[in-house]
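Here is a quick tour of a model you can follow along on screen. Have the sequence and the 3D view open side by side before you start.

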Number of protein chains: 2
Amino acid sequence: MEIRHAEPADYGRVIGRVNAWWGGRDMAPMLPRLFFVHFEATSYVLDDEDGQLAAFLIGFLSQADDDEAYIHFVGVAPERRGEGLGRRLYERFFDDAAEHGRTTVRCVTSPVNEASIAFHKALGFEVEKVAHDYDGPGEDRVLFVKRLG
Amino acid sequence: MEIRHAEPADYGRVIGRVNAWWGGRDMAPMLPRLFFVHFEATSYVLDDEDGQLAAFLIGFLSQADDDEAYIHFVGVAPERRGEGLGRRLYERFFDDAAEHGRTTVRCVTSPVNEASIAFHKALGFEVEKVAHDYDGPGEDRVLFVKRLG
């Protein structure tokens, strides 16, 4: 399976899948199409041998700090978890962020998502802090940071 | 009232207000803190004479098209509507986008939001098209474009 850049045309198939991947939750408000239109260079999809979506990652370069890049959203098909697809996508993002001169990557996850926390630590992220109401009322977040290179 | 750039510290007060401004709807999924952290240079707030939030605009420069800038989210306090605050924020965004070499500004709104459609037309936006399921299943959008200068 080859990683390729996300395109606007991927949006429909991604948003159609992630609702199922997240147990029927409506993910669209968190993942509007804009990320597939304006941040293609740091966003990726992985299709399986049959052309079905296996995993994707949506990230961007910070426009406030030239040293930073940010990963907004990552999904792996439930039946493809444990194969290292998430790691491949993160490592591709790290490479491309570094090529753009970025030295730091940040992302956040929910404190209840223990699998996500373990995954990020295994990838070399450190926990900066756990921030109360970070993404709105009741939306606490674990803040991760990783230094590149 | 002076327009100033949005800062991460504005996030809590904005997200606390917009829920009320949108009739109690939970807006946080559409407006995560990342926009206040990484896109400050093209995002703005307007406080009233008492330091209360009167309006805000969240935008960014496209990283896929060097000619484009995008407006993601705009809110005006219900009691301050009709005073031209939204227009002031858009015009400030147009100026800053043009300074960054952008010639085109895009944004989207819901087809049922007639006030928003009229507002964008009054600001010189043209309707490119109405796109079915643009931001996910059942999330049709009117696509606006404005050429700067």
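Predicted model: local features only at pLDDT ≥ 70, side-chain atom pairs only at ≥ 80, totals over all residues.

Residues are numbered from 1 along each chain as its sequence is written, and chains are lettered from A and ligands numbered from 1 in the order in which they are written.

Chain A averages a pLDDT of 96, and 100% of its residues score at least 70; pLDDT is the predictor's confidence in each residue, from 0 to 100. For the complex, the predictor gives an ipTM of 0.95 and a pTM of 0.96.

**Around S4 in chain A**

Helices (H or I, at least four residues) and strands (E, at least two) are DSSP runs, numbered from the N terminus. Two strands pair if DSSP finds at least two bridges between them. Here are the pairings to look for in both chains:

| Strands | Sense | Bridges |
|---|---|---|
| S3(A) and S4(A) | antiparallel | seven bridges |
| S4(A) and S5(A) | parallel | three bridges |
| S5(B) and S7(B) | antiparallel | six bridges |
| S6(B) and S7(B) | antiparallel | five bridges |

Strand S4(A), residues 68–76, is mostly covered, with eight of its nine residues buried (buried means under 20% relative accessible area, exposed over 50%, partly exposed in between, with a 1.4 Å probe and protein chains only). A hairpin of six residues links S3(A) to S4(A), and A:Gly59 has A:Ile71 in S4(A) as its bridge partner. On the S5(A) side, A:Glu68 stands opposite A:Thr104. From S4(A) the chain crosses through helix H3(A), residues 85–99, to S5(A), a right-handed β-α-β crossover: with the strands pointing away from the viewer, the path from the first strand over the helix to the second runs clockwise.

How far apart are the end C-alpha atoms of H3(A)? They are 21 Å apart, which agrees with the 21 Å that its 15 residues should span at 1.5 Å a residue. The expected span is 1.5 Å times one less than the number of residues. Buried residues of H3(A) include A:Leu85, A:Leu89, A:Phe93 and A:Phe94. Just after H3(A), A:Gly101 takes a positive phi of about 80°.

**S7 in chain B**

Over in chain B, six of the seven residues of strand S7(B) are buried. There, B:Cys107 is bridged to B:Phe144, and B:Ala131 to B:Arg141.

**Loop residues**

A:Asp133 sits in the loop between S6 and S7 of chain A. This residue has a positive phi of about 55° although it is not a glycine, and counts as partly exposed at 29% relative accessibility. A:Asn113, in the loop between S5 and helix H4 of chain A, is partly exposed at 32% relative accessibility. The C-alpha atoms of A:Asn113 and A:Arg141 are separated by 9.8 Å, though the two are 28 residues apart along the chain.

Notes
Heavy atoms only, no water.
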